[in-house]
Amino acid sequence: MTAIVPRPLVAVALVVIAGCSIPRKPDMPQLRNEAPLAGVPTPANGAWPDARWWQRYGDPQLDRLEEQGTSGSPSIEQARQRFNTAVRSIDVASAAGGASIQANGQVQRLRLSENGLIPPQFLGFTWYNQGDLSLQFQYDFDFWGKTRAAVAAAIDEAHAAEAERSAAALMLTTAIADTYFSWQADQARLALANDTVSAYERQRAITARRAASGIDAPDYVHQADAQLAGAREQQAALAGSSQLRLAALAALLGVSPADLPKLDPKPLPTISATLPEGIGIDLLARRPDIAANRWRIEAAMRRVDAARAEFYPDISLGAMIGLQSLDLGKLVSGPSRTAALGPAVHLPLFGLGRQRAAYGVSQAQLDSAAAQYDASVVDAAREVATQALTLAQIDARRHQREQQLASAQSLVDIAVARARRGVGDDRSVLAAQAQVLQQRDAAATLDAQAVSADIALNKALGGGYRMDDMPVSSGTDASAPLPHSVERAHSR
């Protein structure tokens, strides 16, 4: 005699079989909680840059350029569109679960087969009409959190897109500031090059007169020509570089070089090398690229949760009310009404290979996001250390350059005193002045390098970005409120 197994026991057995294949929930990856910056020999009494960090240089021309650049930059607009797309993805993920209502209507002209189950001769007709009107309702019970995990992943991606938008703006503002101050440095060096050319031209004229008088050999004229040609080459190089800087600045602003505002030469700002307190820990919340990668880890964890929830049964409740009639004239009458109501359970028993593959992909994406996060932390520390040490090195070199400039200026004073006593002529004075101009050019180059390194340090420190809404470990409530910026964009 065959035993009859009750249907509830069969259902329980199927659930148990499905449950045995559910993978264990992974742990949160071990992430760096501090940037490796210990041992960087730089004074740590500085301040973090603010959102308008370029204003610390006190240059109204730069302020206007930054305003113009950030108001119409294509790169920032692209980042803004990516952010909006991520925000709209929240709606898509939210719509995947919960309640759904669908209205259907159709009218069909059908023909019965003469060789079918019910031959037309028994019914008295071969062709007939059928009309259907229905309203279907379905509610998916998200017992295992699949939909909540998808919504949370979309929210985390919106966080990441928001941080990327800040990173795009930071790249643009630092590029504008660096290009602008490079142009200012070219102007300062070009003025020195013009003075150097004038000094060598006067020296060459004196040498030519002495050679024509037979006092000096013609070799001295050729030497003066070589020095003058070298000075003119430097002059031409700086003039060309200045034009290239303007072209690059125009491209950053999205305008033609002719549409650039008039820029006046100004002295470069004075730079000092300092780092903020607690930079090793605080840097993780100050860098937009690190913040974006941190949010992507959270999104990847949510996707792992969603992939794991695929192993559980899906339970839904469906209902339908409608009208159905073979006589279209009676379609909207009371006897044509129809209805259905019932639960549905979907057990993932025979698609486990596909689900395991999808779960493996989600785990690989989580590992990749964690590796990218750690790499971004290391890169951020390297950038900060490099620029801070560069500034310290430039500061030390600037001190030695000042001593060289002072010595060169003393040689000028000595040459002038000798010329006044008739011991020497103006050639020695001009040669000494040319040496002073070369030292001043080298000092201007160091000043330009210091400004460029300071701009790069502001970028490495995050440029005023701050991640106020810290990511939380997966497993917290996915229905937590959105950050203010995401919430504002989501409400539009």
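Reader: Which helices do the buried residues of helix 7 pack against?
Author: This is a predicted model. In it, the buried residues of helix 7 pack against helix 8, helix 9 and helix 10.

Reader: Why is helix 7 called largely enclosed by the rest of the structure?
Author: A residue counts as buried when its relative accessible area is under 20%. Six of the eight residues of helix 7 are buried, so the helix is described as largely enclosed by the rest of the structure. The buried ones are Ile279, Gly280, Leu283, Leu284, Ala285 and Arg286.

Reader: Which residues touch the most other members in the largest nonpolar core?
Author: They are Leu37, Leu62, Phe181, Ile279, Leu283 and Val384, in a core of 60 residues. Helices that each supply at least two residues of this core include helix 2 (60–71), helix 5 (146–212), helix 7 (279–286) and helix 9 (352–421). Helix 9 gives the largest share, 14 residues. Another core lies apart from this one and has eight residues, among them Ala160, Ala291, Ala292 and Trp295. In soluble globular proteins, nonpolar side chains tend to be buried together.

Reader: What is Leu62 in contact with, leaving aside its neighbours within four places in sequence?
Author: Leu62 is in contact with Trp54, Tyr57, Ile176, Ala177, Tyr180 and Phe181. Each of these contacts rests on heavy atoms within 4.5 Å.

Reader: What makes Arg189 and Asp441 a salt bridge?
Author: The rule asks for a side-chain nitrogen of Lys or Arg within 4 Å of a carboxyl oxygen of Asp or Glu. The closest N and O atoms of Arg189 and Asp441 are 2.8 Å apart, and the pair is therefore a salt bridge. Arg189 is in helix 5 and Asp441 in helix 10, 252 residues apart, and the pair links distant parts of the chain. Both Arg189 and Asp441 are buried. By this rule the count comes to 17 salt bridges.

Reader: How do you know that Arg204 and Asp225 form a salt bridge, and what does the pair tie together?
Author: The closest N and O atoms of Arg204 and Asp225 are 2.6 Å apart, and the cut-off is 4 Å. Arg204 lies in helix 5 and Asp225 in helix 6, so the pair ties together parts that are 21 residues apart in sequence. Arg204 counts as partly exposed because its relative accessibility is 29%. Asp225 counts as partly exposed because its relative accessibility is 29%.

Reader: Why is Lys262 called exposed?
Author: Exposed means over 50% relative accessible area. Lys262 has 68%, so it is exposed. Lys262 forms a salt bridge with Asp264, with the closest N and O atoms 2.5 Å apart. Asp264 has a relative accessibility of 34% and therefore counts as partly exposed. Elsewhere, salt bridges that share partners join Arg287, Asp289 and Glu383 into one network.

Reader: Is Ser256 buried, partly exposed or exposed, and where is its place?
Author: Ser256 has a relative accessibility of 31%, so it counts as partly exposed. Its place is in the loop between helix 6 and helix 7. The C-alpha atoms of Ser256 and Leu246 are separated by 9.5 Å, the two being ten residues apart along the chain.

Reader: Which residues form the nonpolar patch on the surface?
Author: Ile101, Leu135, Phe137, Tyr139, Leu317, Ile321 and Leu341 form the patch, with about 670 Å² of accessible area together. Strand 2 (127–141) and strand 3 (314–325) are the elements that give two or more residues to the patch. Strand 2 gives the most, with three residues.

Reader: Why is Leu317 called partly exposed?
Author: Leu317 has a relative accessible area of 31%, so it is partly exposed. Leu317 is found in strand 3.

Reader: What pLDDT does the protein average, and where does pLDDT stay under 50?
Author: The average is 80, and 82% of the residues score at least 70. Over residues 1–5 the pLDDT is below 50, and this stretch has one contact beyond near neighbours in sequence. Over residues 474–492 pLDDT stays under 50, and the model has 36 contacts beyond four places in sequence for them. Where pLDDT is low, the predicted coordinates should not be read in detail.

Technical notes. Residues are numbered from 1 along each chain as its sequence is written. Side-chain values use heavy atoms; hydrogens and water are left out. Patches are made of residues with over 30% relative accessible area and no salt bridge: like charges are joined within 9 Å, nonpolar side chains (Val, Leu, Ile, Met, Phe, Trp, Tyr) within 5 Å. Accessible areas come from the Shrake-Rupley method with a 1.4 Å probe; for residues, only the protein chains shown count as cover. Helices (H or I, at least four residues) and strands (E, at least two) are DSSP runs, numbered from the N terminus. Buried means under 20% relative accessible area, exposed over 50%, partly exposed in between (1.4 Å probe, protein chains only). A nonpolar core is a set of buried Ala, Val, Leu, Ile, Met, Phe, Trp, Tyr and Cys residues joined through side-chain atoms within 4.5 Å. pLDDT is the predictor's confidence in each residue, from 0 to 100.
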